[in-house]
Amino acid sequence: MRICLLTGGGYPFRRDALGGWCRTLVDGLARFRFDLVTVSDREPPGGPAYPLPGHVRSARTVALPRETPRREGRDEHATAAAALLCRGLVTEHDEVFARGLAGLAALADGGTAAAGAPLNAVPLADVLLEAWRAGRTSGAGDRLPRLSLRDARTAATLLRHAARALAVPLPEVDLVHCVGGTTPLLAALAGRWRTGTALLLTEARAPVAKFRAHEERLSPAVQAVLRRFRRAVARTGYAEAGLIAPLSEYHHSWALRHGAEPRRLVPVPAGVDPLDFPCAPEARNPPAIVWAGNGGPESGLGPLLDAFARVAAAVPGTVLHLVGVTPAHEDHCAEQIERTGLGRAIRLHPLPADPSDRYAAGHVVVHVPGPSDTPYRLIEAMMSGRAVVGADVGPVAETLGDAGVVVPDRDPAALAAACISLLTAPARRRALGDAARRRALACFTADRVVRVYGALYTDLAGPPPAPAYELTLAVPAPRDARPATLRWLAGAGEDR
């Protein structure tokens, strides 16, 4: 059985939080054959960042071009599809939006004038303005900010870029497993509409109401367009996917609020291999805090550094280890550190090849996630047996439970106070670390992730069951109509 694992700019070419989760899944499911595709706005790297097992048939990255020239003239079919998309986006009418998106996906396939960039031959700003004005006059005006011509042109540029994902070619497989946000989901939807391939969606995205750092400078009207577009794509994905696997109760609730059918939802928490994150004793060095992240503008680094300035003043000699800072964000990281004036107390480290080295230097691990971070790093820290202080973002509180300290998001004073309390109370710190390890072993192990996804793959992409034949007037043989996943999740003592 062949599986296409479709991601958004990470695995297997870049090491990031979700990349470790993908690696665990692929390495553990050797009975399947994988084609790995990642869609990115950046130039493709030189080669995979992770060793690929023999059952991976191919691995490639597709870089979406940032700019392509506008076509002269007007493609009537693309314009009609764009009009449906914009009307559905404005009115939040999912069926209309999906028809427009499917029309653009068909045009993005090879052999048409719009192939590769289906919105480039469309006067999209005019189409969007027309749909927006109609929406404001039809009763939705109180929910729609005014969209100027300049705003419409900015939004049209962003939508054109997003629509290029519809042209990403996918391999011939039995199942497409989409992990990530809007961009890979657009590619997955286009592939499903062209070939009818089954679709499994892992819901790991941040709430679409939260914008990336560079998008916060956009006007309210452009932000409204992006928010509605991303929500509409998510709802379309929920309608098309055979099954949806949220990473947490937080993601599960978000999917329900945005139209996912409860019967299609199978929550599968993230998990790590306990052998990769052994519980090592604390190092006999000065007090140390570890934070794992890429160091970019959206990584939560700013609140962390503000809190560390308070910790350094209260507990002199404390060292902050920033683990996993990528080369692309080193300059930004250095600028933020220089702003604090605490450069001598802060160490920058690339993501170590050996996972056991990731948190070993710390006495406390701080988890301040960015808006798009998954709970994967948090689970790693818990499995390492370190006391964790987490900002209350997304699934942090439900993941930590009572095995860590949760503080309000964007509250450096509360974050610093929690760190100081643990650094100065060794017994409590070690007790929390032991509790975190126990909770991770009970709830967040890789073997469970692998077993459940193996069942999901089989349910969605496996051959249909053999037909059952019954003799006339015979008593039908008992059957179990539950899908394999539900049978697997049933307790060992239940009657199967």
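Just after helix α6, glycine 196 takes a positive phi of about 75 degrees. Helices (H or I, at least four residues) and strands (E, at least two) are DSSP runs, numbered from the N terminus. The model is predicted: local features need pLDDT of at least 70, side-chain atom pairs count only at pLDDT 80 or more, and totals for chains, interfaces and linings use all residues. Residues are numbered from 1 along each chain as its sequence is written, and side-chain values use heavy atoms, with hydrogens and water left out.

Helix α6 spans residues 182-195. Its 14 residues reach 20 Å from the first C-alpha to the last. This is close to the 20 Å expected at 1.5 Å a residue, where the expected span is 1.5 Å times one less than the number of residues. Buried denotes under 20% relative accessible area, exposed over 50%, and partly exposed in between (1.4 Å probe, protein chains only). In α6, the buried residues include Thr182, Pro184, Leu185, Leu186 and Ala187. Ala188, Leu189, Ala190 and Gly191 are also buried. The cover over the buried residues of α6 includes the helices α3, α5 (149-163) and α7. Strands β1 (2-7), β4 (175-179) and β5 (198-203) are also part of that cover.

The protein chain as a whole holds 16 helices and 12 strands. Of its 496 residues, 51% count as buried. The chain exposes about 22,100 Å², and carbon and sulfur atoms supply 53% of that area. Accessible areas come from the Shrake-Rupley method with a 1.4 Å probe; for residues, only the protein chains shown count as cover. Contact is defined as heavy atoms within 4.5 Å. Among contacts between residues at least 6 apart in sequence, 71% join residues at least 24 apart.

In soluble globular proteins, nonpolar side chains tend to be buried together. A nonpolar core is here a set of buried Ala, Val, Leu, Ile, Met, Phe, Trp, Tyr and Cys residues joined through side-chain atoms within 4.5 Å. The largest such core has 65 residues. Trp132, Leu166 and Phe229 have the most contacts inside it. Helix α7 gives the largest share of this core, 9 residues. Another core, of 55 residues, lies apart from it; among its members are Val26, Tyr50, Ala270 and Ala435. Not counting residues up to four places away in sequence, tryptophan 132 touches Leu89, Val90, Leu144, Pro145, Arg146, Leu147, Ala221, Ala224 and Val225.

Strand β7 (288-292) is mostly covered, with 5 of its 5 residues buried. In a regular strand the side chains alternate between the two faces of the sheet. Ala288, Val290 and Ala292 point one way from β7, and Ile289 and Trp291 point the other way. Strand β7 runs parallel to β8 (residues 319-323), and 5 bridges join the two. Strands are paired if DSSP finds at least two bridges between them. Valine 290 has histidine 321 as its bridge partner in β8.

The loop between α8 (249-257) and β7 holds glycine 259. Glycine 259 counts as exposed because its relative accessibility is 54%. Its C-alpha atom is separated by 9.9 Å from that of alanine 232, 27 residues apart along the chain.

A search of the whole structure finds 13 salt bridges. A salt bridge is a side-chain nitrogen of Lys or Arg within 4 Å of a carboxyl oxygen of Asp or Glu. In one of them, aspartate 94 is joined to arginine 235, with the closest N and O atoms 2.7 Å apart. This pair links distant parts of the chain: aspartate 94 lies in helix α3 (residues 94-108) and arginine 235 in helix α7 (residues 220-240), 141 residues apart. Aspartate 94 is partly exposed at 34% relative accessibility, whereas arginine 235 is buried at 15%. Glu261, Arg263 and Arg264 are linked in a network of salt bridges.

Glutamate 380 forms a salt bridge with arginine 358, the closest N and O atoms lying 2.8 Å apart. Glutamate 380 is in helix α11 (residues 376-383), and arginine 358 is in the loop between β9 (346-349) and β10 (364-367), 22 residues apart. Glutamate 380 is buried, with a relative accessible area of 1%. Arginine 358 is buried too. A salt bridge also joins glutamate 380 to arginine 377, at 3.3 Å between the closest N and O atoms. Both residues lie in α11, 3 residues apart, about one turn of the helix. Arginine 377 counts as buried at 10% relative accessibility. Beyond residues up to four places away in sequence, glutamate 380 touches Val272, Phe277, Arg358 and Tyr359.
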